[in-house]
Amino acid sequence: MHLVVCVKQVPDATEVKVDPVKGTLVRQGVPSIANPYDMHALEMALQLKDEHGAKITVLSMGPPQATDVIKRSISIGADDGRLLCDVAFAGSDTLATSYILSQAIKEIEKTDPVDIVFAGKMAIDGDTAQVGPGIATRLGYSLVTYCLGIDGIDTGRSVIKARRQLEGGCEVVEADLPVLITVVKEANEVRYASLPDLIKSIRSDVTVWNKEFFELDIPQCGLKGSPTQVKKIFPPPPKDVTPEIMNTGETGLDEIANTVAEAVSKAGIL
Amino acid sequence: MKKSVWIFIEQTDGKFNDVSWELLGKGRELATALDAELCGVLLGHKVIEMAEEPVYYGADKVFVIDDPLLEYYRTQPYAHGLVALVKEYKPEVFLMGATYLGRDLSGAVATHLKTGLTADCTVLNIDEETKLLHQTRPAFGGNIMATIYCASARPQMATVRPRVMSMPDRDASRKGQIIEAKLGLKETDISTRRVEFVCDPSTSFRIEDAQVIVAGGRGIGDGANFKLLKELADVLGGVVGASRAAVDAGWLDWSHQVGQTGHTVRPRLYISAGISGAIQHQVGMEGSDMIIAINKDPDASIFKIADYGIVGDALEIVPALTEAFRKMKGESG
């Protein structure tokens, strides 16, 4: 089996702020991490490899330093990695991103056919959850989103059985291969690298592909290939209320409680 | 052809998802600004008899595809049906709920149509000058807001989470046009099949449906103290919620989590205890009708969005509130 896992390098979302004067993102000093959902996707692939034997290729798109997330993936058991890196890819929205990734997967398939593509449910910087379904649609693969686990692979019939997390329960589905699977956090615990594997991975060479290495229609990439544009970014606006603040150091507990209870009652909520 | 604004009408097993009505409410505003008609799109099996319902919430027209292959949701046949309708009728704007289903479907549909899609919008409006849909959403975990537009590709697609837009009134006297279309697929064209659906009651708790929420955060100190919050919630006929910190600490499970990575709620009353109110939490509850915040720190950001703020120890204040509400209910009933 050949498994491809899409991994994105993201800024640690909790530390990104807007410069209130310039209206631009302040990313300086913000650490980059591997998108946590993608690591759960990798773990799901690694468990398949442990059980059935498989080759795992990690695929990422981003700046040169995104090789870090590929090396991290190799440190816990991925076999190989490709970083898609070119200025022509910069500014891609989800439509352009899914185009570039799907073209790279087509190139990988030429020498080594792919059975399953894994991705995280979403990335924590954009929170869109659009790239997975986008890649599946472009490649004509089956799509299994919000996957909690794979229950079986029938290589004879070329189908997998998987569990999906949904509102109100869990759906068990059968999907023809090849399939794209997006993975939720609840699926598994991501393993740690052993020290020797960690050291080996740091020394490993990551193949970098620029736009010349695979077939691409450049107008579909980057800013030019992105139908959505950002008009502006701004810090979240404060709510327009004048709160009534009471302090237990100044006002009695009963008085505060009664004031609040009356206000709630007056608003017709009870 | 008159311009149109489309809303995907989400149903599961013949039960509508309320987000569809919330989107029809917002869709009406957008349609007015564009001088366009408002249309619902309903896909499923045996849904034709339910097709008037979107009209009652504001749709001028409802497009329906009723086919056994659409009995339960699958990406391929649903996307196939929607894409064919969009190509024929060319809507300007197409909105879906940011539900499990809507997020899966919208990504596939937008990719087929090679158009722009903006997820989890909290504000949608038509720019007066350009007549483009301005789509505002939180990004980077809610630390920033971004306004996005789609200049030339059509339709302009966006998803909105449940409870972000307000619910319009239902008017069963409204009249509209129902337009049926064919799916034109066979089972063998579809590469996924449902084996079974296992109901899990623990995941069917929906905090979004609660009218009153009493939520606790790190500041209540210990998971056991949620008992006090539960008592207050019980008196008010509500449920308990939690901040991300409280869920990460294992005090309550994720189904109770309010905020960017949890659930977006719009109850009539939201009481927070020991929650400082990081922006990630605020985006999930700021639409509440009334907010009462309790926190030890007078500078906690939750106080900026509260209607009533109480500075002090939540473990003292919450029982006092429970008692005050209990007394008040005793007097009135």
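What follows is a short chat about a predicted model and the contact between chain A and chain B.

Biologist: Ground rules before we start?
Modeller: It is a predicted model, where local features need pLDDT of at least 70, side-chain atom pairs count only at pLDDT 80 or more, and totals for chains, interfaces and linings use all residues. Residues are numbered from 1 along each chain as its sequence is written, chains are lettered from A and ligands numbered from 1 in the order in which they are written, and side-chain values use heavy atoms, with hydrogens and water left out.

Biologist: How many residues does the contact take from chain A and from chain B?
Modeller: 80 from chain A and 81 from chain B. Contact means heavy atoms within 4.5 Å.

Biologist: And what area is buried between them?
Modeller: About 6,600 Å², with carbon and sulfur atoms giving 61%. That is the accessible area (1.4 Å probe) that two parts lose on being put together, summed over both.

Biologist: How many salt bridges between chain A and chain B?
Modeller: Four. The rule is a side-chain nitrogen of Lys or Arg within 4 Å of a carboxyl oxygen of Asp or Glu. One pairs B:Asp104 with A:Arg164, their closest N and O atoms 3.8 Å apart.

Biologist: Which helix gives the largest share of chain A's side?
Modeller: Helix α6 (residues 253-266), with ten residues. Helices here are DSSP runs of H or I, at least four residues; strands are runs of E, at least two, and both are numbered from the N terminus.

Biologist: Strands now. Which ones pair between chain A and chain B?
Modeller: β14 (residues 228-234) of chain A and β10 (residues 144-150) of chain B, antiparallel, over six bridges. Pairing needs at least two DSSP bridges. A:Val230 stands opposite B:Ile148.
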